[in-house]
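Please keep the model open while reading.

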Amino acid sequence: MDLTFSEEQDELRKVVRSFLTKHATEADVRRLAADPTGYDPVVWRRMATEIGLQGLAVPEKYGGSGFGYVDLGVVFEETGRALLCAPYFATVALAAETLLRCDDERARGDLLPGMASGETVATLALTEENGRWDEAGIRLTAHDKAGGWRLTGVKTYVLDGHLADLLLVAARTPSGISLFAVEAEAPGLARTPLPTLDQTRKQARVEFTNTPARLLGPEGAAWPALERTLATASVLLAAEQVGGAAAALDAAVEYARIREQYGRPIGSFQGIKHKCADMLVEIESARSAAYGGLWALDAGDETETAISAALAQAFCSEAFTKVAGDNIQVHGGIGFTWEHLAHLYLKRAKSSEVLLGTPSYHRELLAARLGI
């Protein structure tokens, strides 16, 4: 396992960080967090046309660049550092990945080019009121009626579900779990934005009432593809969490350097030194877990990927939350204020901690996959 980056990947990191430094500033994050849509369409288009982020890991035959998961992980680490407000995780880590994993070549040819070009915002609607991320949690039903398939039921906690042009929906059919594509304008589709702790990442409740849908892949055969998608998304989320934690540590160290108390920088006090050192240890451990998952994805080892994904998500979720909380402690009183950026990282950390299942859930997955 080689966890070092190539010169091209280092350059990719520089390009993405430079772009986000200009277009995902603190002012941008606060503005978009308060905006009902939650993203800037102009920046979204520039992400696609100028640096090709949406199609980075999409194969070239579908309009993408054909890069690997390590490259994609570099991008997610930088978007996490910047608290990017955009439907990037929903479109790239969930929707595009689901299409790449499902057994439907025609659907890939029809739908992936729009995602890769930035023209289509897409998401995966999987979780329901029970909040479960496993096969048993899927209760929404689909029936093959005259004129095609129809969906009935509710999906909730759907990332960017209120604005997505395309929803990929997991539903239960007589043959098992199946995957469907639903257009935003489909009749019987009702979408309601949800209030969230993390205002930088929007979620929605989506209700289907006899809604027409397109079956993707064979009926009843979608769960293996969805399971692989969730493993991939868990690793990419872990990379994003590492980026957010690193930004929180940088902020804590910088404040400890310039904030003086009793005539000396607070960073010179042993208690602050120890806290910052502990934060660094958490981040480096999390970084190793996330990078290991990215390596397994690129290696194409599904068994190792499943194990690494559960490990990365269990550890990185808690590491980000701890580091974001410690950042507030280092800042003291100002860290608790609305005007300071620290609370936004803590909210992103707490939201991400349960986004694809809790750390306890991923530890259970890890134990099962190891045969413990």
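**Pockets, strands and a loop**

The second largest pocket holds about 250 Å³ of space. A pocket is an open set of points on a 1 Å grid over the protein atoms alone, where a 1.4 Å probe fits, with protein on both sides within 12 Å along at least five of seven lines. Grid points are joined across faces, edges and corners, and the volume is the space filled by probe spheres set on the points. The model is predicted, so local features need pLDDT of at least 70 and side-chain atom pairs pLDDT 80 or more, while totals for chains, interfaces and linings use all residues. Residues are numbered from 1 along each chain as its sequence is written, and side-chain values use heavy atoms, with hydrogens and water left out.

Lining residues have an atom within 4 Å of a point. The second largest pocket has 13 of them, and G131, W133, V354, L355 and G357 lie nearest its centre. By class, five are nonpolar, six polar and two charged. Here Ala, Val, Leu, Ile, Met, Phe, Trp, Tyr, Cys and Pro count as nonpolar, Asp, Glu, Lys and Arg as charged, and the others, Gly among them, as polar.

The largest pocket contains about 400 Å³ of space. Its lining comprises 22 residues, with R81, A247, A251, L341 and Y345 closest to the centre. Elements giving two or more residues to this lining are α1 (7-23), α4 (69-82), α7 (223-258), α9 (302-331) and α10 (342-353). Helices (H or I, at least four residues) and strands (E, at least two) are DSSP runs, numbered from the N terminus. The most residues, seven, come from α7. The lining divides into eleven nonpolar, five polar and six charged residues.

Next come the strands. Strand β3 pairs antiparallel with β2 (residues 141-145) over five bridges; pairing requires that DSSP finds at least two bridges between two strands.

D160 sits in the loop between β3 (148-159) and β4 (166-173). Why does D160 count as buried? Its relative accessibility is 7%, and buried means under 20% relative accessible area (1.4 Å probe, protein chains only). Leaving out residues up to four places away in sequence, D160 touches A86, P87, A90, K202 and Q203, a contact being heavy atoms within 4.5 Å.

How values were computed: Buried < 20%, exposed > 50% of the residue type's maximum accessible area, 1.4 Å probe, protein only.
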